[in-house]
Structures are given as C-alpha cells and as structure tokens.
Amino acid sequence: MSPTSKRNLILAFESSCDETSVAVIEDGHQILSNIVATQIKSHQRFGGVVPEVASRHHIEEITICIKDALAEANVTYDDLDAVAVTYGPGLVGALLIGVTAAKTVAFAHHLPLIPVNHMAGHIYAARYVEPIEFPAMALLVSGGHTELVYMPAENQFEIIGETRDDAAGEAYDKVGRVMGVNYPAGKTVDEWAHQGHDTFNFPRAMDKDDNFDFSFSGLKSAFINTTHHADQVGETLNKHDLAASFQQAVVDVLADKTLRALKQYPVHQLILAGGVAANHGLRERLDAELAAVPGTRLVKAPLKLCGDNAAMIGAFAEVAYRHQVFADATLNADPSLEFDWVADPVK
C-alpha cells in the first residue's frame, strides 16, 4: 500500500469444511470481494460432508478463488497489508489446504500472517451489520457448534455454555435425513416448520437445568423414534407438523438459555451467528424476546454470511491485526481449536 493510504486490506482464506472461500476485506467491515466455491452438490449423494472429497475440492478451487477475489476487489498483492486464514476448528485435511495457501502467499509477498479461529469469524460477521459494542454476547449455532460466548472486550472470548452432544445444525441434518430431505436439511426443515404446528411435544432437554449448556441428542432420538413407530404401525405423519414440533423444541431451548444468560451477563448486544442463524424461526423468536430486554440489541449476521465464508474471517482478522496476533511458517491446522488461543483470554 502507498504510505498515504489509510486503508487496511486483508486477503482472507476459509476452508474449514465444504466451502472454499477467499475474500478481500477493507478495514474489517467492508467487503471488496468474497468468493465462495460450494461443494454441496458433491456431498449430497453421501448425505453429509466426506472429508477426503472436501479436501480434493479445496485443492481444485483455492487458486481460482484467490485470482477471482483479487480481480473482483481490483487489488494486487502489493496493495495488501496481511493474509488471514482459518486454522481451526474444522476438518484437518480441508484446513490444511487453506493454511498452506495462505502461508505461501504471505511468504511470497512478505506479508504478515494472521491465524483466525473459525468461530471468532462467525461472531465477527456481525461487523458487517454494525460495530460490535462490548460487553457483548454471541449465540453461535452451526452444524458443528452450539455455544453461548461472552465477550467482555475486543478479542476476548469466554464460552459460558455449549452443547454436550449434537449441535443444533447437526440435529437438523439428522432429522431431515429421516424425512427424506437432502443434505443440508436446515433450510427445508425451517420452511416446512412454518407450514405446520407444534403437535408432538418433543422434549426440551436441559431447558430447566441450572447452566447454559445444550443437548439435542435426546430430541433427535425422540423424533426418530416417533417416525419409526409410525412407519411400523402404518401411520402417516404430517411432515409439516413434525418439522414445526422439532424446530419449536430447538428454538425454545436456544431462546430460554440465551435469555437466562443475558440476565446474568448484561451486554449491549446479542449476536446471532453461524449457519443455523439463518433459521427464520430462531430469528423471529429472538427478535420478539430481545424487544423486552432493555439495553440489549439483537445483531443478526447477514443471511449471506451465516454459512462459511472468508469475509467473516477478514472481519475478525482486522482485530487480530491491530492486536498484533501473527503467526509464522510453523502455523498448522488445529481441527479441535478452542477459544483459548486469543490474546488476553478471560479466565
């Protein structure tokens, strides 16, 4: 960049699962480009993500995405301030493709390398809606994670509640498979839920427990047992009512736990992020609930940024850049990465 320019430009990489994405982000809140190569059709025939297939697709797409991201942003490597990359959590083979590409670009062009926690990226996608005000809380709901994350200050994370078994998005895919819905099932189940009624009274596991943790395995099992029993006795169940009953149970627990957490941890914002943050039932419920919580605004990640993408990685990378959180050539994929890597962690 020229000495007179005040723009911060980061080339960001995301390859933690089944999306290859490269973005150019300006100042942490402006998207100059966000290229996403999806693999959904390749994995649908298997009913879920196959790690080896995902890794091969990343290899095929990563250099194309880099070229397209730079071209769409109308920048060159010389314009960049840093390179950022998701290094965990995720599928180890998939992560390695992004990490290797980012390290190569950073080394070849003498740019600092920023390691980014994938989950922090999901949370900081909220920056594209409005600046994050601290303290803040995030309800992070995706295919692999369901967490309540308290953030007392910038670049500080404390998980105060998490799932003990299936994540919410994982449960959606599993019940969707039972109903004959192709992977990923969340969007279709959400659509069906809006056409049905909660008639099955599925369990709300841990809803009244004195903690902020979640559990969706029992709900999934209750759903599967209900449908299997109906098949055995020749009964036809209304798919819309099934979907509505399942979704209501998920949303009830997520909303109840979140509202209780907000009472114990007063914050300026509640950030809804992750793939399941695109669920209209959850969005509508939290809109209604937060209207009665004075001093706390609901900030929903943009629908197009709820899934995996590099723009969200770039949003957090600008924060890490200011905090001088850099990595060297020894950076490796960490498929089980947790939030304890950040600067000044909350104890």
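Helices here are DSSP runs of H or I with at least four residues, and they are numbered from the N terminus, as are strands (E, at least two). The model you have open is predicted, so local features need pLDDT of at least 70 and side-chain atom pairs count only at pLDDT 80 or more, while totals for chains, interfaces and linings use all residues. Residues are numbered from 1 along each chain as its sequence is written, and side-chain values use heavy atoms, with hydrogens and water left out.

Start by selecting serine 55, which lies in helix α2 (residues 51-73). Serine 55 is buried, at a relative accessible area of 11%; buried means under 20%, exposed over 50% and partly exposed in between, with a 1.4 Å probe and protein chains only. Leaving aside residues up to four places away in sequence, serine 55 touches Gly93, Ala94 and Ile97, where contact means heavy atoms within 4.5 Å.

Next, select leucine 290 in helix α9 (residues 280-290). Leucine 290 is buried too, with 6% relative accessibility. Show its contacts beyond four places in sequence: Leu259, Leu262, Leu270, Thr296 and Leu298. Leucine 262 sits 28 residues from leucine 290 in sequence, and their C-alpha atoms are 9.8 Å apart.

Finally, select helix α5 (residues 168-178) and helix α7 (residues 217-233), whose axes come within 10 Å and cross at roughly 5 degrees. That makes α5 roughly parallel to α7, a term for angles under 35 degrees. Now display Lys174, Val175 and Val178 in α5, which meet Lys220, Phe223, Ile224 and Thr227 in α7. The residues of this contact divide into 4 nonpolar, 1 polar and 2 charged.

Conventions
Axes fitted to C-alpha atoms, helices over the stretch in contact; angles between N-to-C directions. Parallel < 35°, antiparallel > 145°, perpendicular 65-115°, else oblique. Nonpolar A, V, L, I, M, F, W, Y, C, P; charged D, E, K, R; others polar.
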